[in-house]
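The exercises below take one protein model from its helix packing to its domains.

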Amino acid sequence: MAGVHGKHHDYHLVAPSPWPIVGSFSAFVMAIGAIGWMHQMFPGAGYVFGAGAVGVLYTMAAWWSDVVDEAEHQGDHTRVVQLSHRYGMILFIASEVMFFVAWFWAFFNAALFPADPVHAARTALFGGVWPPKGIETFDPWHLPLLNTLILLTSGTTVTWAHHALLHGDRSGLKWGLISTIALGLVFTCVQIYEYSHAAFSFAGNVYGATFFMATGFHGFHVMVGTVFLAVCLVRAQAGHFTPKQHLGFEFAAWYWHFVDVVWLFLFVSIYVWGNGGAAIAGGS
């Protein structure tokens, strides 16, 4: 019987799963609720959105639990499968890079050409300088620098955890993860405090829109990465991950380093360069 039904190849043929259809239906319900809620199209739209969001989160948790089971107990993640997963994660991070390229493009397009004759309205909107007249920007050497140091430190702690895992040091793995998660939470708290003291808003000006979209989406990615690492910590406590097979943790570390690098570009371009961009743009 084992010879008939046993697997004689290195590939993973995924078993039938309910989660794709459940996730699609939940996302559809969430989208309908969100649209109805934003446009006040029907009563109870907020509850519809909430129900869809709960369905999406449940689907994510259940689906990823199945993937963990495939890796830890069923032995489906062979070297060939792991290689495919790595290619998939690389492509995902590449798509995230292009996502942030769009926001950097919007920022630099406005910052480098605040008085572009082709866009005549810019002179009226920006006053011909960047940052636009009336915008009081953040001091880059205060909270933004603090958050930069926090993220750079978190990059070292997640690397510590990775090296500890490779050398079979379970204690170092756990404490490295705990330190990185704590630093991620501190970063988020500092950013919330910074936003609450901003002298400009999202609406009504291009600077605020580009600033909050770029830094806000980065903050969202930090929260996602923090959850990613927290799941890895729970799995590490459960005895998962070995020096030779730890894709879940490896991908979390890749994602966290990606978040670090994006923040460095945000800090240099939006906080430091953007703070003195008027002089730079005016001299060009």
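**Exercise 1. Describe how helix 7 packs against helix 8.**

Solution. Begin with the axes: those of helix 7 (residues 170–196) and helix 8 (residues 206–237) come within 9 Å and cross at roughly 155°, where axes are lines fitted to C-alpha atoms, for helices over the stretch in contact, and angles run from 0 to 180 degrees between N-to-C directions. Helix 7 and helix 8 are therefore roughly antiparallel to each other, given that angles under 35 degrees count as roughly parallel, over 145 as roughly antiparallel, 65 to 115 as roughly perpendicular and the rest as oblique. Next comes the hand: helix 7 passes helix 8 in a left-handed crossing (the near helix is turned anticlockwise from the far one by less than a right angle). Finally, the residues of this contact divide into 16 nonpolar, 10 polar and three charged, with Ala, Val, Leu, Ile, Met, Phe, Trp, Tyr, Cys and Pro counted as nonpolar, Asp, Glu, Lys and Arg as charged, and the others, Gly among them, as polar.

The model is predicted: local features need pLDDT of at least 70 and side-chain atom pairs count only at pLDDT 80 or more, while totals for chains, interfaces and linings use all residues. Residues are numbered from 1 along each chain as its sequence is written, and side-chain values use heavy atoms, with hydrogens and water left out.

**Exercise 2. Determine how helix 9 is oriented against helix 6 and against helix 4.**

Solution. The axes of helix 6 (residues 143–166) and helix 9 (residues 247–273) come within 10 Å and cross at roughly 160°, which makes helix 6 roughly antiparallel to helix 9. The contact of helix 6 with helix 9 holds 15 nonpolar, seven polar and one charged residue, and the crossing is left-handed. For helix 4 (residues 79–112), the axis comes within 11 Å of that of helix 9 and crosses at roughly 10°, so helix 4 and helix 9 are roughly parallel to each other. The contact of helix 4 with helix 9 comprises 21 nonpolar, three polar and three charged residues.

**Exercise 3. Into which domains is the protein divided, and how much area do domain 1 and domain 2 bury between them?**

Solution. An automatic or database domain assignment gives domain 1 (17–76) and domain 2 (78–278). The C-alpha centres of domain 1 and domain 2 lie 25 Å apart. Five residues of domain 1 are in contact with six of domain 2 (heavy atoms within 4.5 Å). Domain 1 and domain 2 bury about 430 Å² between them, 43% of it on carbon and sulfur atoms, buried area being the accessible area (1.4 Å probe) that two parts lose on being put together, summed over both.

Methods
Helix = DSSP H or I, 4+ residues; strand = E, 2+ residues; numbered from the N terminus.
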